[in-house]
Amino acid sequence: MVNLAKRDLYSETVKFGGMTICSIFKRLLFFHSIEIGEYSASTEAIICSVSYILNSGTRWIGQLDGVGTMKNLRMFWKSVPQASLNCEDFYSLEDATGTRFSWNTIPVTRGEAENCTIPLGALYSPFTAEVQRSDVAPIECKGCRFIINEHCTLDLAANVWTCCGCGMRNSGRVTTLPTGASQHYIVGSDPTPTLLVFVIDLHMAPEELTVLKEQILTTIKTLSHTNTFASFVLFDSEVKVCDPSNILMDRRIILHGSESYSTSKIAETLNVKDFKNRPYNQHTVTHYFSPLYDPSSASRIEHIIEGIKPTISVQKHRALRSTGLAIQTATVLASETYKTQRSHIFLFTTGPPTLGQGAVVGKDKSESIRSYSDIRRGKAKLSYGTKNFYDDIAKECIQDGSSRSISLFISGYDQVGLYEMRSLSEKTGGVSLLVDSFSMNIFKRSFERLFELDTDGVLVHLNTSANVTVKTSKYLEVAGFIGPGTTKKGNDESVSDHPIGYGLGNKVQLGLLAPFHTFGVYFRSRTVAYGSRRRSMPHYMYAQFQTRYTASNGVCHLKVVTVKKSTTNEEKMDQSFDQEAATVLLARKIIFDITHDKMDHEKISSTLEKTLRKLLRNFAIYIPDEPNTFTLHQNFQLIPQFFYNLIKSPMMMNFNTTPDESAYYTSIFTRSDTPDSLLMIQPHLTAYKPGIEPYPVLLDTASLDPSAVLLMDSFFHVVIHIGMNLAIQRDSGSSIDDTLQPAIAEAADLCSTRFPLPRYVVADEGSSQARFLKSRLNPSENDGSASGGEHKAVHTEDVTVGQFYKRIVASVVKK
């Protein structure tokens, strides 16, 4: 170790590796002023940096010997240890604000922005933040509509406060600023009830329909003390709207599925045209809805449910389902009640739509339902028009003054058209659930959790009339949203002209807001062309997330989260990079590009690898053509394996996957928070052995131990894998409960808090069900790398994560 006084730095006699300390010092000063800017180029910082060179031993001295190039000095500067954010900091920020930013430092120069190959964005979860309830009304800035927060400044003498968003001085009687990053306000109440419309497919198997009816009856009883009204729409080849006004007569309005109906025509048929212009009072709810809090009305609802009978279909052709017309009728029924109605529509179906608008396949069984190959080659005749039909319905659900959500509950082993219908739930904030049978716990417990009540009798997951508005300070713009809801276009100064995802607006609206909703918000920063102009840019920028929603009891809420982010005038980009949030935000963008035909599945792998190479080329430390010198900052060390597992994830892979399955996986992914999204990308794997505490193991085939029980959590699946030796021991009559039961208890705990409920799989090593685990493991012992040890080689053409990493590094360091 070498300690050097300041005066020694200027000595021409002290040399290391053929370079004088003085020359090193001068070069660092020059480099520092170019890359970082004169605002922070202090002599003390440079002195500390040179001292770091001397104390780093021969590693850096050897690189400077005889070369002294500016490139090596840049590499040195990147490696100088400085204060940086780590995972614990990101988790703390998420708890405080409900946000995870990909880059927690905002670029101010064009070069810095181009180096960020992963978009600048945030994952925002409105119900995650630790909010402080405020008893006063929110105060808005008259200029930019920012709500007053802890980052504003207060001048008590002048009785004004200065907005952190636009700098405007606002007058008003403000004595103190809010404390904390998040505030919660009560901003009014809405006396209108919540409307529920149950849309039921009559072509179900009798046993399926029986289970579904029992589940709905249980839900009706749960809601008996809430201000909720219910209605029923049944469909087969016809659409039947139930009228519960008279218990003595099973009266139904019938619409024919083979005909095309406009919205106004359906309203006329139901005799509810122009009802939506009426103000709400207790008499304006149409006779198609019955209040669940009224015992006599509830009994009529039960009578309707018990009287639902399945339709027997002809085996010669597919069942005739007018699903599109049924959904269209339900939206008209909900909207044509009164002004500012709040409603939720629930579709239950077991087969594909085959009749009328919204059909995805014909009734002839010789016609197969579309596959990915058909979609790619343009042979899916009905798919494109059907998607547009459902898109139009989804857009009508989110309008000023009304709020409707559509949730899809689908049962069956075959495709039913979720690929075409996904916008119904995504754009309205509804739920999508794909199960093999309605009798499975996945459906039953997920459906029960959707109608969960808190201690005050308020529905936790069915908040309505929701919107999220993002405001930004000068030089920071909202580029777009990817996630639940519909973006409302506007001309706000916060909106960027270069959209990412659903852009050209800074507000997203949805008919259902729940704790499991997370929004992907993408930003763009206005930059200067040259580093010499960076002094004109601020040192900090601000973003404010304003979330408004109405709870099921009619109370209107406003949650405000304000975040303050430094720019590169304060700290370097790599010191605040959140590799977890960055991976999730990039994955959402790729999913958006795929679903909007901007990218093909076949290009996913090459696109991700190209993005990773550019990112590492800009932020890694290495000597050209020397892979052994390649090192990564701690904030980038996990991102190569995240990308590797992302390529293999069900959200990106469409091999041996139907369009409906892919639509389901991506729909859940684009509304999930960072931890859950990472589980879908890179599952957790835990080993259980007799007499040993459970411990995490690598997601690798080398972790397959015949004497251990493995528990894998991939969000969609919770898999218990029993090793071969333990399976033999169990089959011989010996107990393995001391190893198996802790894994089962942990699996039950994981399932108890998740929505939707994951699929629970117990598999012996070598069984067919073990594929759920093996397909997600890194094949470190494959045909090309088997060591011949106790583990068998996995027969696969997939590269290992080590081979993937070496290939990326070799490409990055290549001149």
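Trainee: Quick check before I start: contact means heavy atoms within 4.5 Å. So which strands does helix α5 lie across?

Mentor: Helix α5, residues 87-97, lies across β3 and β5. It runs at about 140° to β3. Bear in mind that this is a predicted model.

Trainee: What sheet are β3 and β5 part of?

Mentor: An open sheet of four strands. The order is β3-β5-β24-β21, and the pairing is antiparallel.

Trainee: Which strands are at the edges?

Mentor: β3 (99-101) and β21. Each of them pairs on one side only. From one strand to the next, the twist averages 25°.

Trainee: How many bridges are there between β5 and β24?

Mentor: Four, in the antiparallel sense. Strand β24 covers residues 519-525.

Trainee: What holds paired strands together in general?

Mentor: Strands of a sheet pair through backbone hydrogen bonds, either parallel or antiparallel.

Trainee: New topic. Where is confidence highest and where is it lowest?

Mentor: Strand β5, residues 121-124, has the highest, at 98. Helix α3, residues 58-64, has the lowest, at a mean of 35. The chain averages a pLDDT of 86, and 87% of the residues score at least 70.

Trainee: Over which residues does pLDDT stay under 50?

Mentor: Residues 1-82. The model has 114 contacts beyond four places in sequence for that stretch. But where pLDDT is low, the predicted coordinates should not be read in detail.

Trainee: Back to sheets. What is the order of the five-strand one?

Mentor: β30-β29-β31-β32-β33. This sheet is open, and its pairing is mixed. The edge strands are β30 (692-696) and β33 (759-764). Neighbouring strands are turned by 15° against each other on average, direction ignored.

Trainee: In which sense do β32 and β33 pair, parallel or antiparallel?

Mentor: Parallel, over six bridges. Strand β32 is residues 717-722. Ile 720 has Val 762 in β33 as its bridge partner.

Trainee: Which helix packs on this sheet?

Mentor: Helix α21, residues 737-752. It touches β29 (684-689), β31 (709-713), β32 and β33. Its direction makes about 10° with that of β31.

Trainee: What comes in the loop between α21 and β33?

Mentor: Pro 756 is found there. Look at the bond joining Phe 755 and Pro 756: it is a cis peptide bond, with omega about -5°. Most residues other than glycine have a negative phi, and most peptide bonds are trans.

Trainee: Which residue other than glycine has a positive phi near 45°?

Mentor: Ser 465. It lies in strand β20, residues 464-472. Asp 597 has a positive phi too, about 60°. Asp 597 is found in the loop between α15 (579-595) and α16 (604-619).

Trainee: Why does Asp 597 count as exposed?

Mentor: Because its relative accessibility is 65%, and exposed means over 50%. Ser 465 has a relative accessible area of 30%, so it is partly exposed.

Trainee: And Gly 483, buried or exposed?

Mentor: Buried, because its relative accessibility is 18% and the cut-off for buried is under 20%. Gly 483 is found in the loop between β21 (476-482) and β22 (486-488).

Trainee: What is Gly 483 in contact with, leaving aside neighbours within four places in sequence?

Mentor: Glu 426, Arg 588 and Thr 670. Also check Leu 123: it is 360 residues from Gly 483 along the chain, yet their C-alpha atoms are separated by 9.6 Å.

Trainee: Last topic, helices. How many residues of α10 are buried?

Mentor: 13 of its 13. Helix α10 is residues 323-335. It reaches 19 Å from its first C-alpha to its last, close to the 18 Å expected.

Trainee: How many residues are buried in α19?

Mentor: Six of its eight. Helix α19 is residues 674-681. Its buried residues are Thr 674, Ser 677, Leu 678, Leu 679, Met 680 and Ile 681.

Trainee: What caps the N-terminal end of α19?

Mentor: Asp 673 does. One of its side-chain oxygens lies 3.1 Å from the backbone nitrogen of Asp 676.

Notes: Residues numbered from 1 in each chain as written. Predicted model: local features only at pLDDT ≥ 70, side-chain atom pairs only at ≥ 80, totals over all residues. Heavy atoms only, no water. Pairing = 2+ DSSP bridges. Helix = DSSP H or I, 4+ residues; strand = E, 2+ residues; numbered from the N terminus. Axes fitted to C-alpha atoms, helices over the stretch in contact; angles between N-to-C directions. Buried < 20%, exposed > 50% of the residue type's maximum accessible area, 1.4 Å probe, protein only. Polar contact = N/O pair within 3.5 Å; in protein donor to acceptor, adjacent residues only side chain to side chain. pLDDT = per-residue confidence, 0-100. Expected span 1.5 Å × (residues − 1).
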